[in-house]
Each structure stands twice: as structure tokens, then as C-alpha cells.
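Subject: Structure handover

Hello,

Here is the structure I said I would pass on. My notes on it follow below.

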Amino acid sequence: DSNLEIVCVKQNIRAQNQHIALQKKLAIPNAEMGIVANPQNLQPYYGWYFQMPLPIFNRNQTQIEKAKIQRDIQYDFLTSSEKKVKSEIINRHRTYLAFKNNVNRYIQIINQAAQDLIYVKDQYLRGKTSILDYLLMQRIWIETEREFDETNFVYKKSYIDLLYATGKLTK
């Protein structure tokens with residue numbers, strides 16, 4: 001209910017219901033009754049009148065039906081909008097969970113890469129491996145950190161997209 005599109009459609013439905021009520025009120029005929037006093041040819045003329053517009057019982061029916069059809073269209077649009085928003089939320093939640101799992105795996109990979117770097121550095125300082133191995137391990141560790149940062153960024157972006165889809169955040 002907090003999605004902006006659904007809120008707008010519900011407002012349109014309320015407006016259509018008010019329009020239907022207005023059209024039904026306009027369908028009630030306005031009867032007029034009065035008294036007439038009019039001197040004609042020096043003769044006073046008195047009378048009364050009663051006036052009722054025709055048709056009496058089925059006035060404004062096309063406008064009432066038109067308003068009902070417009071309201072039904074809004075109900076159909078509400079149903080399709082709710083389905084669309086629900087599927088969007090489900091998809092964004094799945095994406096969020098997938099990136100969350102990726103970040104958790106990358107944390108394990110970074111920890112392993114850091115331990116490997118420490119080990120290769122120790123081996124280099126003891127003279128058991130070459131500087132190329134140490135530099136290669138440093139490059140792998142830096143690339144892993146960069147990939148983690150990119151994955152973490154996408155993970156946080158997917159969280160923001162999820163909040164936007166649920167209506168808890170508006171752009």
C-alpha cells in the first residue's frame with residue numbers, strides 16, 4: 001500500500017466513486033412549483049404552476065454508466081498494478097539475496113587471499129620464493145579487493161532498489 005503507483009490508483013478509484021454518487025444525485029429530477037400573479041388587460045391573473053423535467057425516472061443514465069465503467073477500469077488497473085508491484089518486489093528481493101550471498105562469499109575469499117599473501121610474504125622474506133610470486137600474490141589480493149568493492153556496491157544498490165520497490169524509499 002505504500003507504493004506510489006498503487007496509492008494513485010486507489011485515489012482515482014475514490015474519485016470515480018464520488019463521481020458516480022454525483023451523477024446519481026444529478027439523476028434526481030428537480031421539481032419546481034410556484035405562484036404566478038400577472039395583470040393582463042387590466043384583469044388580474046393569478047395561478048400556480050408545477051414543473052418536472054422529462055424524463056422523470058431514467059435521467060442521466062449514460063453518465064452514470066460511463067462513471068461506473070471508468071471506475072471498473074481503475075479497479076482492473078489496480079489489480080494489474082498490484083501484481084506488477086508484487087512481482088517487482090519478489091524479483092528485487094531475490095536479487096538482493098543473491099548479491100548478499102556474493103558479498104559473504106567474497107569476504108571469505110578476501111580472508112583467504114590475505115592469508116595467502118601473508119604466507120607468500122613470509123616465504124619471500126625467508127628466501128624460499130621469488131619476488132615475482134610475492135608481487136603476483138599482491139596483485140591477486142588487490143584485484144580481489146576491487147572485485148569485492150564492486151560487488152558490495154551492487155549489493156547496496158540492490159538494497160536501495162528493494163526499498164524503492166516496497167515504497168519505503170522514494171526517489
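Met33, Ile35, Trp48, Phe50, Met52, Leu54 and Ile56 make up a nonpolar surface patch, and together they have about 860 Å² of accessible area. Such a patch joins nonpolar side chains (Val, Leu, Ile, Met, Phe, Trp, Tyr) within 5 Å, from residues with over 30% relative accessible area and no salt bridge; a salt bridge is a side-chain nitrogen of Lys or Arg within 4 Å of a carboxyl oxygen of Asp or Glu. Areas are Shrake-Rupley values with a 1.4 Å probe, and only the protein chains shown count as cover for residues.

This is a predicted model, in which local features need pLDDT of at least 70 and side-chain atom pairs pLDDT 80 or more, while totals for chains, interfaces and linings use all residues. Residues are numbered from 1 along each chain, and side-chain values use heavy atoms, without hydrogens and water.

At least two residues of the patch come from each of β1 (32-40) and β2 (43-51); Phe50 lies in β2. Strands (E, at least two residues) and helices (H or I, at least four) are DSSP runs numbered from the N terminus.

Helix α2 spans residues 61-125 and includes Gln74. With a relative accessible area of 18%, Gln74 is buried, the cut-off being under 20%. Beyond four places in sequence, Gln74 contacts Val9, Asn12, Ile13 and Gln16 (heavy atoms within 4.5 Å).

The buried residues of α3 (131-166) include Tyr134, Phe148 and Leu162, and α2 is part of their cover. Just after α3, Gly167 has a positive phi of about 85°.

Regards

Methods: Buried means under 20% relative accessible area, exposed over 50%, partly exposed in between (1.4 Å probe, protein chains only). Patches are made of residues with over 30% relative accessible area and no salt bridge: like charges are joined within 9 Å, nonpolar side chains (Val, Leu, Ile, Met, Phe, Trp, Tyr) within 5 Å.
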